[in-house]
Each structure stands twice: as C-alpha cells, then as structure tokens.
Amino acid sequence: MSLITTPFGFSSTTDEVTRGVDLTGRRAVVTGASSGLGAETARALSAAGAEVTLAVRDVASGERVAKDISASTGRHEVHVEHLDLSEPASVTAFTAAWRGPLNILVNNAGVMACPERYTGQGWEWQFATNHLGHFALTTGLHRALAAAGNARVVTVSSSGHQRSPIVWDDVNFAFRPYDPWLAYGQSKTANVLFAVEATRRWAADNITVNACMPGAIHTNLQRHTSGRGSGLVPDHLIKTVEQGAATSVLLAASPLLDGVGGRYFVDCNESDVVDRRTGTLHGVARYAVDPDNAERLWTLSRELLAQAR
C-alpha cells in the first residue's frame, strides 16, 4: 500500500489546503474548539462553507470564538454546545441531542502530560479524555455520520504516541508508577488505533477515519509543560496555529483524501511506519497501526464504557 502524498507540507496553512474547496451544505463538529488548533480548524471549515458546531467544555470561551469566526468569515452558521469528554454523561447528552447527518467530525480536544488524575470511573485522565471520550462521541454519532453518505472523522494524535504502546494489563496505571508522558503516549497511540479500526468497521457506511500529528505548536495544550510541550523541538520546527491545523483541515475537507482512511498523517502527508522511536516528529509506530491491536482496543473501550453506565 503506497503512502498518500499531497502538494502540501510543513509550512502549508489552513487557507492554502482549503483553497477551492466548497463545503456548503456540510455539517461539522470540532471538539476543543474554544482555543488553539480547534478554533482555527473550526474557522477554516466555516470559511469553506460548512455549518460548524464547536463542542467545548468552556461554553463562554466557545461563544467568543464563534463570534470571532462569524466576524472574520461573514458566516453565521457557527454553533456552540457543551461537551466534557472526561464525563460519559456529557458525551451521551451531546450525542443524544444531535439531529440530522454529520459530514465531518474533528476529534481535536485533548490534554497533554497532566499531573496524575483519575475520573470518577477510575480511568486515567489522559486516556479518558484523549481516547475514551472521543471513542464514545464518535460511536455515539455513528448513525449521523453514516447518514451523511461519505463522512470523514479526523482524530488528532501526536508523535508522542511513540513514547508508549497500549499497556493492556495496566491502562490506568494501577500498578505502574504514573508518568505523565507515558500516559500521554498511550492515549495518542489509542487515537491512531481508533482510526484503523473505525475505518475497517464502518467501510460499508462510507465513513473514513484518519489520525494526524499536527506538529509542534505553542497552544493551551502545553499548559502543564510550561507552555513548550516536551521542550525537545527546535525553534525552526515550531509551527503557527494556521500551519498546525492544516493537516486536520486537509483530512477533513480536501477532495485529495476522498476514500482514504485508517492512516496517520504528518505535515499534510501520510507518514511511514517505523519499528523504533525516531526522535523526530515523523513516523508512526507499527504497534499503533496494527489491526489486531486496533480491534483489541475497540473491545476494551466498549467494555470500559459499558461499566460506566
């Protein structure tokens, strides 16, 4: 299977990857759209003509972003709905309230390298927020995505997935000493595996799911790391928000990705599979695209969410 390549790359912006793209009549949901990459993703999709819903934990911030989007794009089909991915009841409320088809879902929200914390269900916070919440959201919206006929789902992962595979016997750090970066890595591996399995399971519904690494961007995501993420990325590899959101927007909107799913993209192009940690922002670990791992994670995720009911 050959790698998917596009004319775009590291420096491409959201406006460049959507040039000539018309999303009129399409509906999109972007999680974590109250700031940073999510806000820019929502803006770009709206500017291309989509009706966009900002699914956010902080509704007041989301409403400010929605107002800014409308002012900058001249479009007013921008909505704000509450969504807390760490709370299963909040996800259920969001999916139950959704009406009609959904063409685009961008699973953008997340937390990075946060201090040790657990949900009321006992789930490690990063795994719960970055993966389980988005798993519940996307599966809960499956019928709406299928109704769209050719829906796309984008899940924002990270090169940080190379820090850890899924540790099947201790997903929630019940036995291992908690490490914020290992927990983050495990959750980002889960994002990629979800794209692999969802694409396989939903092929008959013409739903494609891809994962991506946006790059290194200084946003609120780094609030637990002094604002600089891992601190290992040299300055010349730091992107602007418009560059960072470009890969997500490309996957969500570009006709270049019609029918493409179950893959991992960096800098607007599919990344190659690697068998050892690269020390770069490129490469997807083989364990993160392994179909057996993907199916196992799907089963585990359903079991965990079932226990929360």
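**Cavity linings**

1. In the second largest cavity, the lining residues fall into 2 nonpolar, 6 polar and no charged. Here Ala, Val, Leu, Ile, Met, Phe, Trp, Tyr, Cys and Pro count as nonpolar, Asp, Glu, Lys and Arg as charged, and the others, Gly among them, as polar. The model is predicted: local features need pLDDT of at least 70 and side-chain atom pairs count only at pLDDT 80 or more, while totals for chains, interfaces and linings use all residues. Residues are numbered from 1 along each chain as its sequence is written, and side-chain values use heavy atoms, with hydrogens and water left out.

2. The lining of this second cavity consists of Asn107, Asn130, His131, His134, Phe135, Thr155, Asn191 and Phe194 (each with an atom within 4 Å of a cavity point; a cavity is a set of points, on a 1 Å grid over the protein atoms alone, where a 1.4 Å probe fits but cannot get out). Helix 5 and helix 7 (180–201) each give two or more residues to the lining of the second largest cavity; helices are DSSP runs of H or I, at least four residues, numbered from the N terminus. Helix 5 has the largest share, 4 residues.

3. The second largest cavity has a volume of about 30 Å³, and the largest about 40 Å³. Volume is the space filled by probe spheres set on the points, with grid points joined across faces, edges and corners. The count is 2 cavities of 30 Å³ or more.

4. By class, the largest cavity is lined by 8 nonpolar, 2 polar and 1 charged residues. Among them are Leu85, Glu87, Trp123 and Leu305. Helix 5 again provides the largest share, 4 residues.

Technical notes. 1 Å grid on protein atoms, 1.4 Å probe; cavity = no way out; pocket = protein on both sides within 12 Å on 5 of 7 lines; lining within 4 Å.
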